[in-house]
Amino acid sequence: MEKLIIQGGKKLKGKVDINGFKNAAVAILPATVLAGDTCVIENLPCISDVNILSQILGNLGATIEKRDVNTLQINTKSIDSCFVDYEMAKDLRASYYFLGAALARFKKARVIYPGGCHIGSRPIDQHIKGFEALGAQVEIEHGIISVEAERLIGAEIYMDVVSVGATINVMMAATMAEGVTIIENAAKEPHVVDVANFLNCMGSKIRGAGTDTIKIQGVDKMKGCQHAVIPDQIEAGTYMIAAAATGGDVIVNNVIPKHLEAVTAKLREMGVKITEEGDALHVVASHPLKNVNIKTLVYPGFPTDLQQPMSSLLTVAKGTGIVTETIFEGRFKHVDELKRMGANMKVEGRVAVVEGVEGLMGAKVAASDLRAGAALVVAGLIAEGETEIENVHYIKRGYDRIYEKLQNLGAEIRKID
Ligand code: UD1
């Protein structure tokens, strides 16, 4: 089992390059099934979720060639059906995107009930509602979701909750439905737009992605294309927070600053200096920082994926901060670990109250999910002495070469087996 060892207290300094967005990549890879042709996907992050999804595509019959470390050439012509089983995808959430993509192309798919991080109940009723509205029958038996339709017919679908996954999945399923599909109350996250751009590049006719109404005019056929994944706003936000937490001076390169407005605004409110330099953000911090309140919201609000790393930073900011998690009810599992390191925090339901302390102390801690892992890395960088983090596999699901990147910024961090 791998562990991360961090000697905290070093100020991060230098430049870090941000990779492609995990949450876009994990939808784009299953979406290549729609092409039945060759797609070239550039700027893929080197993370375990991407590796697993490309293995699933290979198992389904796709031909995959690695053009370079971040580029895959994928031909999905030979795929003629879609069954994604437990062994292939038990640790993944994004496996459910094979449902939407394969339903559109084959009118049929079977995929295990999705796994992923344990951060709440994570229902998939809105995905199912969308598939059914398009004319599919959906059954869940023995942990397998089966979708099947004779024909898919465009429909008006109102999402009861704003869901990134359901918006993308239904958008994919509707690409080749007869007539027009309208998704109301759609998610507006940057990766919804990136996936829509990729689908349009493959021949679909999607308008309105990035707003709360998405219109899809069904087409008969899709084709291969070349697409570069957008930069990872969550990875970028994590490095910005880590820079601030260590009182560092870091240039976060290859970002779309607009996607980071919520985190930039919060860090500025704390007293961090952030300047936009083209496609980079320059983050300079000196302590003490002022505590702030955070409320997670759908885009363009403060992203739930940065709530955990951000709360590590709040533990050492002056005063009281209130963190309200509105998206996932179980996203405070990192708090007990932060307390082991000396944080003064209290959780009541969906709210955590943080009383800033002078500093954190290194300790043995364990990541309970991907972003909780990122929170512990941030805490380890702040803490005096040695922090040992277990369950590193969660962190590898979403952060491309995190040790190397942090080492390059001057952190004392290493991985042990
Ligand atoms: C995606 C991201 C995840 C991020 C989350 C919110 C990926 C692979 N993951 O997850 O990193 O934290 O968006 O930005 O892109 N819900 C329902 N019914 C549904 C679907 C969702 O009630 O059918 C609820 C969820 O329980 C949650 C909220 O809607 O409370 C948002 O979930 P959703 O946007 O679907 O998250 P994911 O797509 O799973």
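Me: Which helix gives the most residues to the shell around the ligand?

Reply: Helices (H or I, at least four residues) and strands (E, at least two) are DSSP runs, numbered from the N terminus. Here α5 gives the most to the shell, with three residues. At least two residues each come from α1 (22-31), α5 (125-133) and α6 (164-174). This is a predicted model, in which local features need pLDDT of at least 70 and side-chain atom pairs count only at pLDDT 80 or more, while totals for chains, interfaces and linings use all residues. Residues are numbered from 1 along each chain as its sequence is written, and side-chain values use heavy atoms, with hydrogens and water left out.

Me: Which residues come nearest to the ligand, and how many of the shell are nonpolar, polar or charged?

Reply: A residue is near a molecule if one of its heavy atoms lies within 4 Å of it. Of the 21 residues around the ligand, D125, Q126, S163, D305 and I327 come nearest. For classes, Ala, Val, Leu, Ile, Met, Phe, Trp, Tyr, Cys and Pro count as nonpolar, Asp, Glu, Lys and Arg as charged, and the others, Gly among them, as polar. The shell has nine nonpolar, seven polar and five charged residues.

Me: What polar atoms lie by the oxygen atoms of the ligand?

Reply: A polar side-chain atom of S163 lies 2.6 Å from a ligand oxygen atom. From the backbone, a polar atom of G165 is 2.9 Å from an oxygen atom of the ligand, and an N or O atom of P123 lies 3.3 Å from one. The protein buries 87% of the 740 Å² that the ligand exposes when taken alone (accessible areas by the Shrake-Rupley method with a 1.4 Å probe).

Me: Which strands pair with β1?

Reply: Two strands pair if DSSP finds at least two bridges between them. Strand β1 (residues 3-7) runs antiparallel to β24 (residues 412-416), joined by five bridges, and I5 stands opposite R414 in β24. Four bridges join β1 to β23 (residues 386-390), also antiparallel, with L4 opposite I389.

Definitions and conventions: A polar contact is a pair of N or O atoms within 3.5 Å; within protein, one must be able to donate a hydrogen and the other to accept it, and residues adjacent in sequence count only if both atoms are side-chain atoms.
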